[in-house]
Amino acid sequence: MSLDVEQHDDPYSSASELRVAHSDLLRRERAARNAADFRAEVVTFIRRGRETGKFLDDDDERRACQGMLDYWTTVLYRSPDDEPIDSTLELFDPALAPLLPDDPSPYVGLKAFDEQHHQSFFGRRDHVRDLVQVLRKERFAAVVGPSGSGKSSLVLSGLMPALRAGAVVHSQNWHFFPPMVPGSAPLASLARALRPARATPADWETRLIQGMLADALFLTKVVGALTRQPALIAIDQFEELFTLGARQPVMDAFAANILSLVRSPGLRHTVVVTMRSDFELKMSLLPGLKSLFERTQVRVTPMGAPELREAIEEPARQVGLKIEPRVVDALINDILGYD
């Protein structure tokens with residue numbers, strides 16, 4: 001039997017793809033009824049696998065792939081009439097390595113995701129769904145979880161884009177104020193988040209701080225004057241209200257104005273906050289807001305293996321890169337502390 005080795009077939013793109021084809025051949029070998037057709041498939045596999053060597057620079061991968069090619073070469077040699085076919089992997093060719101895109105890395109790193117990174121935000125679809133379900137019924141939602149669990153990313157890169165896309169009825173028409181953190185002066189921080197471009201910063205902040213200290217409805221009036229549509233305010237790191245030295249009257253005024261805003265009978269204004277779970281007991285300092293906080297809570301826990309896999313693989317896939325499964329497995333094991 002003559003085997004034409006001059007024919008060139010497209011190589012498998014990676015060792016993983018070659019393994020899949022090898023497994024598929026093993027399954028079909030047991031069920032093959034036409035020996036000639038199956039042998040032709042084996043020849044094609046060997047040709048394609050041999051060319052794959054040009055992409056493989058890892059010694060362990062090369063040994064594993066060479067073993068698979070040798071196995072099928074042995075299968076072909078069962079007939080004494082067969083002519084030899086060269087199954088030796090081609091040498092690695094650095095010139096064929098894929099070009100990485102000039103765009104920034106699809107991974108954000110240690111920073112929290114924000115709205116501009118939402119296309120690369122993966123692994124939290126269940127939590128986004130839970131938040132959307134809360135906001136379909138309520139005008140307040142509290143995202144609670146341990147430090148580093150991804151609360152900020154969930155709101156900024158998961159929930160906000162979903163709301164802009166209409167996840168809640170008419171939410172695509174809401175006015176989205178810039179996200180804020182309370183800081184050491186929460187009323188001033190809230191005033192800055194609402195300040196229109198035409199307003200003088202110092203005068204604006206002074207007027208809003210004094211107004212919110214004197215009137216729990218002042219924030220609702222300001223938001224109504226700024227926009228004629230439902231508005232959303234996202235308050236990240238809500239625990240700063242308790243940790244950075246704000247006086248009780250300031251905390252009370254902040255909470256009272258937020259509560260009045262989400263209870264106003266007019267437009268459907270919404271507030272979403274994130275807070276570290278180790279500060280939940282501090283909500284007893286804000287009794288008016290405490291029950292609403294507890295009723296609308298969505299708890300965020302660290303990602304499990306399926307979520308981590310999605311968060312690792314999907315951003316790479318979007319820019320045309322493929323990470324070897326064993327590399328992903330190693331990363332997940334390291335993150336989760338598996339041996």
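Analyst: Let us begin with a single side chain in this predicted model. Arginine 27 forms a salt bridge with aspartate 24, and their closest N and O atoms are 3.5 Å apart. Aspartate 24 is likewise partly exposed, at 27%.

User: How are arginine 27 and aspartate 24 placed in helix α1?

Analyst: They stand three residues apart in helix α1 (residues 15-31), and therefore about one helical turn separates them.

User: Which side chain meets arginine 28 in a salt bridge?

Analyst: Glutamate 41 does, with an N to O distance of 1.8 Å. Because glutamate 41 belongs to helix α2 (residues 35-52) and arginine 28 to helix α1, this pair ties together parts that are 13 residues apart in sequence. Glutamate 41 is partly exposed at 30% relative accessibility, and arginine 28 is partly exposed at 33%.

User: Which residues are linked in a network of salt bridges?

Analyst: The network links Asp24, Arg27, Arg28 and Glu41.

User: Where do arginine 129 and aspartate 126 lie?

Analyst: Both are in helix α4 (residues 125-137), three residues or about one turn apart. Arginine 129 is partly exposed, with a relative accessible area of 42%, and aspartate 126 is partly exposed at 40%.

Key. Residues are numbered from 1 along each chain as its sequence is written. This is a predicted model: local features need pLDDT of at least 70, side-chain atom pairs count only at pLDDT 80 or more; totals for chains, interfaces and linings use all residues. Side-chain values use heavy atoms; hydrogens and water are left out. A salt bridge is a side-chain nitrogen of Lys or Arg within 4 Å of a carboxyl oxygen of Asp or Glu. Helices (H or I, at least four residues) and strands (E, at least two) are DSSP runs, numbered from the N terminus. Buried means under 20% relative accessible area, exposed over 50%, partly exposed in between (1.4 Å probe, protein chains only).
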